[in-house]
Amino acid sequence: MTSSSNLRLRDPAIETVAEKVLAGERLDREDGLLAATTDDLVGVGRLANLVRERLHGDTTYFNINRHLNPTNVCVASCKLCAFYVPWREKDEGWTYTVDQAVEIASRDVDQTVSELHIVGGLHPKLLVDYYEDLFRTLKRRFPWIHLKALTMVELDFIAKASRITLEDLIARLRDAGLDSCPGGGAEIFAERVRDQICDHKTDGARWLDTARTVHAAGIKSNCTMLYGHVETAEERVDHLIALRELQDETGGFQCLIPLAFHPDNTALDHLPPTGGRLDLQTLAVSRLVLDNVPHLKAYWIMLGEKIAQIALHFGANDLDGTIFDERITRAAGGTAGTNMARARLERLITEAGRKPVLRDTLYRPIEDTSVVA
Ligand code: V47
């Protein structure tokens, strides 16, 4: 049996955190802060790994998926983002018709691709009927595919722009084929931070309220935390606790994806990129504090393959997917690329001593032994 003494912690300050983790007790804000600020990275990692193995053993999920960004034109102008083209310069960006979007998706969607991840800019002319048409057409063309589409920020914006309630919007999109929602746009909930990185966008309380409404409609979603910019450790822990409180209420979050800030080509390009230390400690703290969300994703596109692989021992149990055609991280200087072969993802997982399991978006294993390299 594991005791805090054989965890070989270097920092006595995290002994109390360890005792709680070993007893399966919930961590409070103080505990989260100790874990986020200790220099005992390996100790915190061991604790997070314990929780990960308790929940999932060696199982490490991945899927075969494609991103689709119907537009990069956006009225929000977030300083954190390098992907958007402002509305006044809309001709410099792209806004696909439904037929164009489906044509782009069809370039590399076949029966092995189980998920389309669809997000884009806040475009004032793309209203509910556009997304209904898009989802219906995609489902007709690829009936097996799961549509994980539209962040809480986009849903909030589209409902207002279409002059309908959020409840109506969600019901209409669900009828058109929406299956679940991705976790983007949460950033850091603290107003102090949002004022500096994404003012004029849905605020933290509204993001959470929108997720509450999505979950009440029976739709699962993911959640994210963007770290490594102007936020403090306190603000990260508070963000995780706000997600935990909503999850206690709804149970609708499947997965947290901590997103490493990429500064290139953004209005915050004076900031340095994150280091491996912050990446791994943030994943570990996320696993420890967010005790009621089952999955923690090491998003290889933002972490890089090597940190994502090591993250499988710091709390993470999911690597996302093959990800055809990722554009948001690439715009901000991401160098990990896109379109990873399935065999390579599986190799990253097995080389880390974990067991790869191909999943669908709802974390159901897909029985399939074929290897598509
Ligand atoms: O909403 C934007 C963030 C998000 C930058 O739910 C940036 O399964 C870092 O949410 N540096 C999009 N991050 C990505 C996202 C996501 C990715 C993979 C899986 C899932 C899921 C969700 O990326 C945006 C924003 O929070 N972002 N710009 C940047 N420069």
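**The annotated cysteines**

Modeller: Gladly! UniProt, in an unreviewed entry, places the feature "binding site" at Cys74, Cys78 and Cys81. The lining of the largest cavity includes Cys74, Cys78 and Cys81. Please keep in mind that this is a predicted model.

Colleague: Why is Cys78 called buried?

Modeller: The relative accessible area of Cys78 is 7%. You will find Cys78 in the loop between strand 3 (73-74) and strand 4 (85-86).

Colleague: Is Cys81 buried or exposed, and how do you know?

Modeller: Cys81 has a relative accessibility of 18%. The limit for buried is under 20%, so Cys81 counts as buried too. Cys81 sits in the loop between strand 3 and strand 4.

Colleague: Which residues are in contact with Cys78, leaving aside neighbours within four places in sequence?

Modeller: They are Tyr84, Ile197, Cys198 and Lys201. Cys81, with residues up to four places away again not counted, touches Asn265 and Thr266. The word contact asks for heavy atoms within 4.5 Å.

**A buried threonine**

Colleague: What makes Thr38 a buried residue?

Modeller: Its relative accessible area is 4%, and the word applies under 20%, so Thr38 is buried. The place of Thr38 is the loop between helix 2 (29-37) and helix 3. Beyond residues up to four places away in sequence, Thr38 touches Asp11, Ile14, Val44, Arg277 and Gln281.

**Charged pairs**

Colleague: How do you know that Arg354 and Glu53 form a salt bridge?

Modeller: Their side chains come to 2.8 Å, N to O. A salt bridge needs such atoms within 4 Å, so this pair qualifies. The pair links distant parts of the chain, 301 residues apart: Arg354 is in the loop between helix 15 (342-351) and strand 11 (355-358), while Glu53 is in helix 3 (residues 41-56).

Colleague: Why do Arg354 and Glu53 get their accessibility labels?

Modeller: Arg354 has a relative accessible area of 5%, so the label is buried. Glu53 comes to 37%.

Colleague: What makes Arg172 and Glu132 a salt bridge?

Modeller: The closest N and O atoms of Arg172 and Glu132 are 2.9 Å apart, and the cut-off is within 4 Å. Arg172 lies in helix 7 (residues 166-176) and Glu132 in helix 5 (residues 128-141), so the pair ties together parts that are 40 residues apart in sequence. Arg172 is partly exposed at 32% relative accessible area, whereas Glu132 is buried at 12%.

Colleague: Where do Lys139 and Asp179 lie, the other pair you marked?

Modeller: Lys139 is in helix 5, and Asp179 is in the loop between helix 7 and helix 8 (191-197), so this pair too joins parts 40 residues apart in sequence. Their side chains meet in a salt bridge at 2.6 Å, N to O. Asp179 is partly exposed, with a relative accessible area of 30%.

Colleague: Why do strand 7 and strand 9 stand at the edges of their sheet?

Modeller: Three strands form this open sheet, in the order 7-8-9, with parallel pairing. Strand 7 (221-227) and strand 9 (295-296) each have a single partner strand, so one side of each is left without a neighbour in the sheet.

Colleague: How do you know that strand 7 and strand 8 pair?

Modeller: They share six bridges in the parallel sense, and pairing takes at least two. In strand 8 (residues 253-260), Leu256 is the bridge partner of Cys223.

Colleague: Why is Cys223 in no disulfide?

Modeller: The nearest cysteine sulfur, that of Cys255, is 7.2 Å away. A disulfide needs sulfur atoms within 2.5 Å, so the two are too far apart for a bond. The count of disulfides comes to zero. Cys223 is buried at 0% relative accessible area, and Cys255 also counts as buried at 0%.

Technical notes. Residues are numbered from 1 along each chain as its sequence is written. This is a predicted model: local features need pLDDT of at least 70, side-chain atom pairs count only at pLDDT 80 or more; totals for chains, interfaces and linings use all residues. Side-chain values use heavy atoms; hydrogens and water are left out. Helices (H or I, at least four residues) and strands (E, at least two) are DSSP runs, numbered from the N terminus. Buried means under 20% relative accessible area, exposed over 50%, partly exposed in between (1.4 Å probe, protein chains only). UniProt positions are given in the numbering used here, feature names are shortened, and annotations may be inferred rather than shown by experiment. On a 1 Å grid over the protein atoms alone, a cavity is a set of points where a 1.4 Å probe fits but cannot get out, and a pocket is an open set with protein on both sides within 12 Å along at least five of seven lines; lining residues have an atom within 4 Å of a point.
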